[in-house]
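Let's take a walk through this structure together, one part at a time. Please have a look at it first, and then read on.

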Amino acid sequence: MEYIAYFFIVVGLIFFLGTSIGLLRFPDFYTRMHAAGKGDTLSTVLILVGCIFAVGNQGDLNWILALKILLIINFVFIGSPTATHAMMDVGERAGAKPWNKKGENK
Amino acid sequence: MADLPIWHYDTLFLTLALLFGITALAMQNLMGAAIVFGAYSFLMCLIWTTMGAVDVAFTEAAVGAGVSTVFIFATIYNTGVSATPNSPRIAFKIFAGLIAFGTGAFLLSALPDFPDWGDPKSPVNSTIAPYYIANSITDAHVPNIVTTVLADYRGFDTLLETTVVFIACIAIYSILRIDNAKSKVTEPDIITSPPAYDPTDSLIIRQASRIMVPFMQLFALYVIAHGHYSPGGGFQGGVILGASIILLSISFDLKHVLQQWTEKKIMILTALGVLIYAMVGLACILMDGVYLDYAALDSVLPGDEAYARSHGILLVEIGVGITVMFSMIGIYINLASNGRFDRGL
Amino acid sequence: MIKHLPIFIVLAPLLGAVFAALTSWYRPKLSFPVVLSGLFISFLSSFCLIFKLLNSESGIIHYQLGGWGDKGEYGIVGIQITVDYLNSLILTAVTIISLLTAIFSSQSVNRELAGQQRYFFALFSLLVTGLLGITITGDIFNLYVFMEIAALSSYALIAYGKGRSYMASFNYLIMGTMGACLYLLGVGFVFVKTGTLNIENLSLLIPQTLQASQAVFVGFVLIIVGAWAKMAFFPMHGWLPNAYTYAPTASGALLAPLATKVSVYAMIRIMITVYSIDYVLKSPNIQTAALLLSSISILVGSFFSLTQTNLRKIACYFIVSEIGYMVGGAWLANDPGLKGAVYHIIADAAMTSALFMVIGCILFRTGQVELKKLDGLFYKMPITFIALVITMAALIGVPPTCGFFSKFYLIQGAAQAGTWHFVGALLISSLIKAVILFRIIEIGYNKVPNPAKEGNKTIPRDEAPLSMLIPTLIVTLSLIALGIFTDTLITDFIAKALPEIPAP
Amino acid sequence: MEDIIPKFNYIVVVVLMMTGLWSMLAQGNLIKKCIGMAIFQTGIILFFISIGAKNDALIPILTEGANHTFDNPNIDKVTNPLTQILMLTAIVVGVATLGVGLALAQKVYQQHDSFDEDEILNNQTK
């Protein structure tokens, strides 16, 4: 049980690392938000799933807590992409230009 | 993990928090400063959670990181983003720095006199606090000691704190609201209903918040009602309730919210919350108790004296929740619309 | 019901404010009477408490909120409010002055703030709640909360003045919050070493066992500096003149006499009850610094008042110098000095109140208080002008007004402590106030030829309405009454309020 | 060093508070002043919470646990609730002050079209 928890948390952290690198290295606003939005949501969800197993007591899941964490996952799943969408939307309206290969618009 | 002294993982957080705080103050872009300030507040929540102060962390998450950041945003929305100073004022800054440095050094001069961090035998932890821990259950049947102390042992502080929120609401209304020099007391003009579909508004955001808001409100009510057994209480619940309305007004349009929450409603409900609290106290006097001595309400509330206290705490928490919720909405509406009550963030 | 009087003092204005906010939406006319009755109940309670206090043996009345009293080894676990000789007087002064100011300001609010007065009286009442709370509470953290109540409502009350008052109020907010934060930090430092917040328990702990503790000392300095920032003491006085000048008349008339005085009271309470005179005397560096600062404060306030042309600004700088009197008197830490300081809190509350009420009357009729435009004021508003002269005489310290006696005690204390610069500052400030008084008389009385004589231009009488004039007169006459009853006040209250002071 | 490590947090707290204090005094921008004020307040809250912390203690919500029971809790294993209540109050007071401060700042901006203190001062004396 403990190892399942570790597994999920570590995988979540790997995704999170990817998110951070993407946020720093991608060339323009949209790709950065893409990295942040996707990676962030997934890694948060994975870490939370890990938590479900981590809070269990000697092989037994603590069902109430697990349910609460599932609810949190649900809301993260709704909230985080929406926030990313909102920022993308605003970015477009504010005139952030997408990057292209020629590197014209940084 | 549990064997580590507290400071082992706090060191990292504290240093980060310091960094965030300095960054927030150093940024030229005010919007960025506000965002970093929000992150700083969240970091503070983590620190407080590791120190075992869950209620404080909860409040800070709702108030510091949530609502105050939104307040700063609303202000920036109505004003300007850039903070380029016209004059650097170097000499003055150095002077202020010297004052701050001197004060800091003076504060640190007391350091050797301090008890170690986390010492359970320090005066703070061994004078009054043990009484609360030992008697919360017998006095009020409330396992969450913070709730008992907040609403019962030091209930007067909480009444005043509610009053502070009430004052903030009135103050902001009186500062920001733009009266069109009408001497007659009237409702603000009926706001025309917004168009059914605004092309600049995103359907996705609307739908997402439509799904979220009921759950937020449900959760807030749970936080208020369950404050006896878990972290939370009137303040946190009230702030979350207020935040749900603020979310609606951000994702839809401020007009929607303005139509629903007129100044009259908000002020009456805000005052009502304080009134509930104060009246519960007065009821105690009328029933031969001292002010805010909920045990005197024994004869009207079910259960024995300790349960009377428990129910009394619940009653005042409801009052606090009402006041906090509506004043948060009121403050937000004012800050976001710059006192005009027509449009805004 | 007698038992519950202490809580009613605070609760009545609070409930008055809440009801005023509620009724303002249904019967806007009712909200003023509601506030007034709240203030009146508060006044009655404090007045009754004085008699109860005089009859009690211990000279102290406790009220434990929620019934959480002394729990043996733990000390007092709840919040306790306390009435004793020291604060009963100040409570009565605050309630009387706020009641009179409320009556005084009803007309000017209706005129100056037409259309926006909906929450004015609610905020007014909340400010009074905060001030009374600071005075009555027996818990240092509770004092902080009350301080913030008073502060938040006063920011709003000042911002009612529109125009420049917004920036003034913002500066006040920054300075006030800084003061409150320093105070709270000081409470933290004291709390670290004592573990209790109750003033009574602290007063048993600190002077005896924690004399040498550096943390407690740092806490002491922080609390004092925090209180200084709140009362506009010398290096932190910058916010006061603008804030009180640009505020509406009614806000100024309430804030100027009470807000700073109550902070002085809080400082004295911390000095003599929580710490002790002994403790103050054992930290000579702070004492010397405080005395020096108060001398500078007096001089700065006086000289700046000399350079101003607006009567309201002059009055504001008077407040700065009067703060110097009280802080200096308290830090002399000897018997006459402390007596003078406590007496001066009450006397100065009355004097400043009278001064601002007079200014309010003039503003109400003439619309401005520029000094040079006050010519012929004596003929236009004779009663107001006489009240102004009496008030100024009291500020200078002409017997038999109360200002004379407080200055007498202060100078006596300073002489006893050998602090001659304080004596000098007091005398110079009196002199400067006398100069201003003569300037006012010159402008108001001499500058215009007597209209009663034939051939001169007649000036129609145009006094302020009675609802403004009567409170002004009551306060002005009370200046003389206070002076006449000085002896009773000092021996029956103030002497009993002060602890035994070790002879030098 | 031995003395400093158990008290390291206080040093950070003091630095944090002084950062806030400095920006309240020195920053020319009104919003920055407000943020500095909030940071100062958070520093104080952190200070209070740290003095109430206990090593290896549980949150102040009593449960039937291994080392203490409902009616007779192990006092050393429960974090000090008192400091937390005080700071709950302080947080709420802080947000109220912040709100009023921001409202005033908005009004000032309306008048002077600037958040910069010097510029406002120039406008006023003009």
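What pLDDT does chain B average? Chain B averages 83, and 87% of its residues score at least 70; pLDDT is the predictor's confidence in each residue, from 0 to 100. You are looking at a predicted model, where local features need pLDDT of at least 70 and side-chain atom pairs count only at pLDDT 80 or more, while totals for chains, interfaces and linings use all residues. Residues are numbered from 1 along each chain as its sequence is written, and chains are lettered from A and ligands numbered from 1 in the order in which they are written.

Let's stay with chain B for a moment. Its confidence is highest in helix α8 (residues 155–176) of chain B, at a mean of 92, and lowest in helix α11 (residues 254–260) of chain B, at 79. Helices (H or I, at least four residues) and strands (E, at least two) are DSSP runs, numbered from the N terminus.

Chain B can be split into domain 1 (1–84) and domain 2 (128–181 + 197–345), with bounds that come from an automatic or database domain assignment. The C-alpha centres of these two domains of chain B lie 23 Å apart. Where they meet, 15 residues of domain 1 of chain B and 17 residues of domain 2 of chain B take part. On the domain 1 side of chain B, 10 of the residues are nonpolar, four polar and one charged. In this classing, Ala, Val, Leu, Ile, Met, Phe, Trp, Tyr, Cys and Pro count as nonpolar, Asp, Glu, Lys and Arg as charged, and the others, Gly among them, as polar.

In the contact with chain D, 92 residues of chain B meet 78 residues of chain D. Helix α3 (residues 54–78) of chain B gives the largest share of the chain B side, 14 residues. That side has 61 nonpolar, 22 polar and nine charged residues. Towards chain C, 49 residues of chain B are in contact with 52 residues of chain C. On the chain C side, α5(C) gives the most, with 11 residues, and the classes there are 33 nonpolar, 15 polar and four charged residues.

What does chain C itself look like? Chain C has 20 helices and two strands. The radius of gyration of chain C, taken over C-alpha atoms, is 22 Å, close to the 23 Å that the globule rule gives for 504 residues, so chain C is as compact as a globular protein of that length. That rule is 2.2 Å times the number of residues to the power 0.38.

Finally, step inside. The largest nonpolar core has 382 residues, and Tyr332(B), Ala168(B) and Leu152(C) are among those that touch the most other members. Such a core is a set of buried Ala, Val, Leu, Ile, Met, Phe, Trp, Tyr and Cys residues joined through C-beta atoms within 7 Å, where buried means that 20 or more other C-beta atoms lie within 10 Å of a residue's own. Tyr332(B) touches Val70(B), Phe71(B), Ala74(B) and Ile246(B), leaving aside residues up to four places away in sequence.

Key:
Contact = placed C-beta atoms within 7 Å. Buried ≥ 20, exposed ≤ 12 C-beta atoms within 10 Å, placed from the backbone.
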